[in-house]
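Colleague: Could we go through this model together? I would like to begin with the strand pairing and then move on to the helices.

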Amino acid sequence: MSAITISDTESPPAEENYLSAGHTVRSWLLTTDHKRIGILYLLSILIFFAVAAVAAGLMRMELLRPHGWFILNETYNKLFTLHGVLMVWFFLIPSIPAVLGNFVIPMMIGARDVAFPKLNLLSWYLFMVGGACVLYSIIVGGVDTGWTFYTPFSSTYSNTHVILMAAGIFIAGFGSILTGLNFIVTIHTMRMPGMTWFRMPLFLWSLYSTSLILILATPVLAITLALMALERIWHIGIFDPKLGGDPILFQHLFWFYSHPAVYIMILPGMGVVSEVISCFSRKEIFGYHWVAFASVAIAVLGFLVWGHHMFVSSQSIYAGMIFSVLSFMVSIPSAIKVFNWTATLYRGSISLQTPMLYALAFIGLFTIGGLTGLFLAALAVDVHLTDTYFVVAHFHYIMVGGMVTGFMAGLHFWWPKMTGRLYPEKPAQLAALIIFIGFNLTFFPQFIMGYLGMPRRYHNYAPEFQIYHILSTAGASILGVGYLMPVIYLIWSLRYGKIAGPNPWRACGLEWETSSPPPVHNFDQPPALPVKPYDYDTEADYG
Amino acid sequence: MPGFLFPNAATEHARNVDWLFLCLILISAFYLAVIFGPMAFFIFKFRRGKKADRRPIRIKTWKIEIIWTVIPFFMMMGIFAWAADLYYQVERPPANALEAFVVGKQWMWKIEHAEGNREINELHIPLGRSIKLTMTSEDVIHSFFIPAFRVKQDVVPGRYVTEWFHPTKVGTYHLFCAEYCGANHSEMGGGIIVMKPEDYAAWLSAGAPRDSLAASGEQSFRNLGCSGCHMGNSVIHAPRLEGVYGGPVPLVTGQIVTADDQYIRDSILLPASQIAAGYSNAMPTFQGRVSEEQLVGLIAYIRSLANKNPPDNTIP
């Protein structure tokens, strides 16, 4: 930081910007400014995150003892359903795309807004209506199906508010589809003259791939939930064998959406890491084209591996083999990305500021999550591991260790752009460290107890697993502290943080060429397009 | 296998899975070393403000990219083949296995041995024999998971699935339901008790079942009225069931299906769906009139007729 001087003349605080353009509630709720919509999403997903995190905290407390001590079986089942539904659809999926993507995509390509600003606002309203349905279903009694809604349990046997919660997801799904559509059209049609596809920052490649998945996969989820509701309400036999249906069909449809959805929950994080690693190494990303095409490869291959959730479901063993080999193949582009990020560090000029700490943590945790994915893709090993805590640990390493860490990296990286102020560096670095330690203590023991045979979604468990649950709960407590710290210091920084200036990181990228916070139409003068993305000159800077 | 890391292994298959698991751990350690070793070194060596050689790299990067694409690819394919081979073995029961039938329901496992012994949430089996379970569910999807054998199979309503194992160690092992099935999912379990063959024989005779599974199936066959059409000299033209099981059945549609457990089940519950060639759609459905246990008995009975021939005086 000491190398960076900030003069107030660069960014006079009195200047008109997107935040000062209107202070009424109406000016926020009827805004079509992509930056304000990004902020609306940020506030909403934090509320959903908080509710889902409380559910997780209650479950971890309850699991301290093998036979429970303050929660009923039914309540426990509702808690993990609530945790899964809110975290997947109302935090992870919108986190980077709808918050950071909305905020920076138009600026990164030198545009004034997204292609369809009103549609963008409609996406947020759909998201909020969906979220309200889900919260309401919790208030009136909750849902006990798990976030996967497996039939015939969800369609026939559950006595909870399944339809209400499914309706919430169904409605929010349309918000996702419109966001994906908006991003694709924006990236195709609104790039400034001279910004060719291979001059785009890698964040855009990753969000472009994410958007493809959003518009191709989300409709399948809507269809699946609608069919489940048809069976539940009018007893039309689709999934329940007693009505002539096939319960495995539901799993095929559900995972045809939900496996690609896993990549919705990781590709944007990879995009953030590509930006942050190159900026804080002051070096062009290693293998730009390989990283860019790896995103597209992940998006495409991600559609072909859904059956790996079903190796023991009684699907054909030959189908299992095809899905297994494709799952191993989808690990290759992910590995390419990790190798390229590591190689980017070579001969860089590395500073370990908070976004960089999170980006490095992302690489570490994502790699562990990815490697344990190989265990689960290996057929005979998966037969033992599926539906145990090993799976729980694996996907938390990807989704929390990966995506949430990536989101934290991006939030800290673009925070000065969003607010015009810097977050305080030392507390932020400390929080990153606490989150890293707490996360590993929470989820690493779960790999071990998973291999030892502890099934997931178990309220009561065999006593030999207790020690691992205690470790996990201890880790979750530390993790909770780690997540509270940014809430405090980021709010503090809104008022007391140092004025950031247009480009506090001296980062490349068009979003850094405008003032912070940016004016309503993003650029007062057309930005100057650099000859290539990541045009850092390491040697001249610090050599 | 070291016991502190690996759970109890009570079958040959469990030990095979452990070796593969160990190999995956070593591969993971290799990757962690090649990623985080250099990463730690670079962060140390190229820390901002530290003197270092930061000139641009002059080598062809695509060669490096090819290396770190191709090497992992071949490692992945090797692991795939190893794991697929083990999976193929564990998904295909041997022909000479002892048999038991399992019905899952919210929230218990009901088990019936071929000899007729019944138990709930426990399965007694002899050491050194292959055991084949044929399973179905009365309500939602369950999953029959025995960690010590490294086997798991979802138990799906409306179909028969199989699971098999060959225990090599006497003991009592956990049985868990691994597919979320509602309020008391975590209590839906019990024990697998592996006994010495002589102890098992004693256990079987102490249980003193009145009838074997096939015999109780024959009883149901009469009680439900099946025998009225499928046996004796009924005026209704219905297929005789001797010698049917396991063989090919030509259907009116021209298809030929194998008369396995699933076919017999579907013929009882959904008789109109697969009509044997030469017959008409005369049989009523038994959906809702026959329990999963009765179905299992009926199938065992029809299977016991597999090697018999129909009497000569009946129309084939």
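Colleague: Which residue stands opposite B:Phe144 in S9(B)?

Modeller: In this predicted model, B:Phe144 has B:Cys177 of S9(B) opposite it. The strands concerned, S6(B) and S9(B), are antiparallel and share two bridges.

Colleague: What is the strand order of the open sheet with S6 and S9 of chain B?

Modeller: The order is S4-S10-S9-S6-S7 in chain B, an open sheet of five strands with mixed pairing. Strand S4 (122-126) and S7 of chain B each have a single partner strand, so one side of each is left without a neighbour in the sheet. On average, neighbouring strands here are turned by 20 degrees against each other, direction ignored.

Colleague: Which helix packs on that sheet, and which strands does it touch?

Modeller: Helix H3 (residues 197-207) of chain B packs there, touching S4 and strand S10 (189-195) of chain B. The direction of H3(B) makes about 130 degrees with that of S4(B).

Colleague: What about the open sheet with S1 of chain B? What is its order?

Modeller: That open sheet also has five strands and mixed pairing, with the order S3-S2-S1-S5-S8 in chain B.

Colleague: Let us turn to the helices of chain B. How do H6(B) and H7(B) pack?

Modeller: Helix H6 (residues 261-269) and helix H7 (residues 292-304) of chain B pack at about 120 degrees, and their axes are 10 Å apart. That angle makes H6(B) oblique to H7(B). The crossing of H6(B) past H7(B) is right-handed.

Colleague: Which residues make that contact?

Modeller: H6(B) contributes B:Asp261, B:Ile264, B:Arg265 and B:Ile268, while H7(B) contributes B:Leu295, B:Leu298, B:Ile299 and B:Ile302. By class, the contact of H6(B) with H7(B) has six nonpolar, no polar and two charged residues.

Colleague: Now chain A. At what angle do H3(A) and H9(A) pack?

Modeller: Helix H3 (residues 73-108) and helix H9 (residues 267-281) of chain A pack at about 45 degrees, with axes 8 Å apart. H3(A) and H9(A) are therefore oblique to each other, and H3(A) passes H9(A) in a left-handed crossing. A:Ile96, A:Pro97, A:Leu100 and A:Gly101 of H3(A) meet A:Pro268, A:Gly269 and A:Val272 of H9(A). This contact of H3(A) with H9(A) divides into five nonpolar, two polar and no charged residues.

Colleague: How does H7(A) lie against H10(A)?

Modeller: Helix H7 (residues 202-234) and helix H10 (residues 288-301) of chain A pack at an angle of about 10 degrees, their axes 9 Å apart. That makes H7(A) roughly parallel to H10(A). The residues in contact include A:Leu202 and A:Trp205 of H7(A), and A:Val291 and A:Ala292 of H10(A). In total, the contact of H7(A) with H10(A) has nine nonpolar, three polar and no charged residues.

Colleague: How many residues does each chain give to the contact between A and B?

Modeller: Chain B gives 66 residues and chain A gives 64. On the side of chain B that touches chain A, the largest share, 17 residues, comes from H2(B). That side of chain B has 41 nonpolar, 11 polar and 14 charged residues.

Colleague: Finally, where in chain A does pLDDT stay under 50?

Modeller: It stays under 50 over residues 1-13 of chain A, for which the model has 14 contacts beyond four places in sequence. Where pLDDT is low, the predicted coordinates should not be read in detail. Chain A averages a pLDDT of 93, and 96% of the residues score at least 70.

Note on methods: Residues numbered from 1 in each chain as written. Chains lettered and ligands numbered in written order. Predicted model: local features only at pLDDT ≥ 70, side-chain atom pairs only at ≥ 80, totals over all residues. Pairing = 2+ DSSP bridges. Helix = DSSP H or I, 4+ residues; strand = E, 2+ residues; numbered from the N terminus. Contact = placed C-beta atoms within 7 Å. Nonpolar A, V, L, I, M, F, W, Y, C, P; charged D, E, K, R; others polar. Axes fitted to C-alpha atoms, helices over the stretch in contact; angles between N-to-C directions. Parallel < 35°, antiparallel > 145°, perpendicular 65-115°, else oblique. Left-handed = near helix turned anticlockwise from the far one by under 90°. pLDDT = per-residue confidence, 0-100.
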